[in-house]
Amino acid sequence: MSVTGAGVGATLISGTASGDTHETSDAPPRLHVEGNQLVTSDGEAVTLRGVNTIDPKRANVTAPARGKDAIEALDLLTDSDRGWHPNVIRVPVQPTDIGEHTPGEPADPVAFSDTELETYLDEHLDPVVDFLADRGVYAIIDYHRHWAGLEWGDQE
């Protein structure tokens with residue numbers, strides 16, 4: 001799923017992070033803002049409740065140490081038979097993980113190439129978004145860059 005727009009006018013839609021629309025009857029409906037509420041196209045108010053997970057590439061790369069990859073962890077986090085009922089999952093996307101950098105070390109902008117980004121989307125983020133859509137769960141994709149002292153200029 002991707003988020004388009006900004007601020008109060010943001011629209012949540014089902015689809016992959018690369019922009020492809022996800023076609024499934026289980027995908028959550030589009031949301032938009034009316035007043036101070038998120039609502040479906042039918043005007044039904046929606047309350048989002050959910051949890052955070054780790055960057056999907058980091059989850060997949062460290063699966064041998066953690067015991068689960070990104071999809072296996074999300075399978076547990078969205079398993080209503082086990083008492084989990086989130087309808088939104090925050091998925092951080094970190095430039096350090098998109099590129100081939102050491103976790104925990106800052107990566108100077110631009111932190112990844114177009115090829116690394118496409119590989120990241122195809123192999124890590126889109127499968128997570130597709131899985132969540134199949135479960136009827138929204139995804140908040142959080143581009144998560146957070147290093148003090150890092151300059152945000154017009155980098156090529």
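Which side chains meet in a salt bridge at 3.0 Å, N to O? I began my notebook with this, and I keep in mind throughout that I am reading a predicted model.

**Entry 1: the pair I started from**

I looked up the contact and found that the side chains of Asp97 and Arg58 form this salt bridge, with 3.0 Å from N to O. Asp97 belongs to helix α4 (residues 95-98) and Arg58 to helix α1 (residues 56-61), so the pair ties together parts that are 39 residues apart in sequence.

**Entry 2: the overall layout**

Before going on, I wanted a plan of the chain. The protein has 156 residues, of which 37% count as buried, and its secondary structure comes to 5 helices and 8 strands. Following the sequence, I wrote down the pattern β-β-β-β-β-β-α-α-α-β-α-α-β.

**Entry 3: the open sheet**

I next looked at an open sheet of 3 strands, in which the order is β3-β4-β5 and the pairing is antiparallel. Its edge strands are β3 (32-34) and β5 (45-46), each of which pairs on one side only. Between β3 and strand β4 (residues 37-39) I noted 3 bridges, with the two strands running antiparallel, and in this pairing Val33 stands opposite Leu38 in β4.

**Entry 4: strand β7 and its neighbours**

Is strand β7 mostly covered or mostly open? I found that this strand, residues 88-93, is mostly covered, as 5 of its 6 residues are buried. Strand β6 (residues 50-52) runs parallel to β7 and is joined to it by 3 bridges; here Gly50 has Val88 in β7 as its bridge partner. Strand β8 (residues 138-143) also runs parallel to β7, and 6 bridges join these two strands, with Val93 standing opposite Tyr143 in β8.

A salt bridge goes with this pairing as well, for the side chains of Asp142 and Arg90 meet at 2.5 Å, N to O. Asp142 lies in strand β8 and Arg90 in strand β7, so parts of the chain that are 52 residues apart in sequence are tied together by this pair. Arg90 itself counts as partly exposed, because its relative accessibility is 25%.

I list both partners as partly exposed, because Arg135 has a relative accessible area of 34% and Asp75 has a relative accessibility of 32%.

**Entry 5: charge on the surface**

Which residues gather in a patch of negative charge on the surface? I wrote down Asp114, Glu118, Asp122 and Glu123 as its members. Of these I followed up Asp114, which lies in helix α5 (residues 114-134).

Methods. Residues numbered from 1 in each chain as written. Predicted model: local features only at pLDDT ≥ 70, side-chain atom pairs only at ≥ 80, totals over all residues. Heavy atoms only, no water. Patch = residues over 30% accessible without salt bridge, like charges linked within 9 Å, V, L, I, M, F, W, Y side chains within 5 Å. Areas by Shrake-Rupley, 256 points an atom, 1.4 Å probe, with all protein chains shown as cover. Salt bridge = Lys/Arg side-chain N within 4 Å of Asp/Glu carboxyl O. Lys, Arg positive; Asp, Glu negative; His and termini not counted. Charge placed at Lys NZ, Arg CZ, Asp CG, Glu CD. Helix = DSSP H or I, 4+ residues; strand = E, 2+ residues; numbered from the N terminus. Pairing = 2+ DSSP bridges. Buried < 20%, exposed > 50% of the residue type's maximum accessible area, 1.4 Å probe, protein only.
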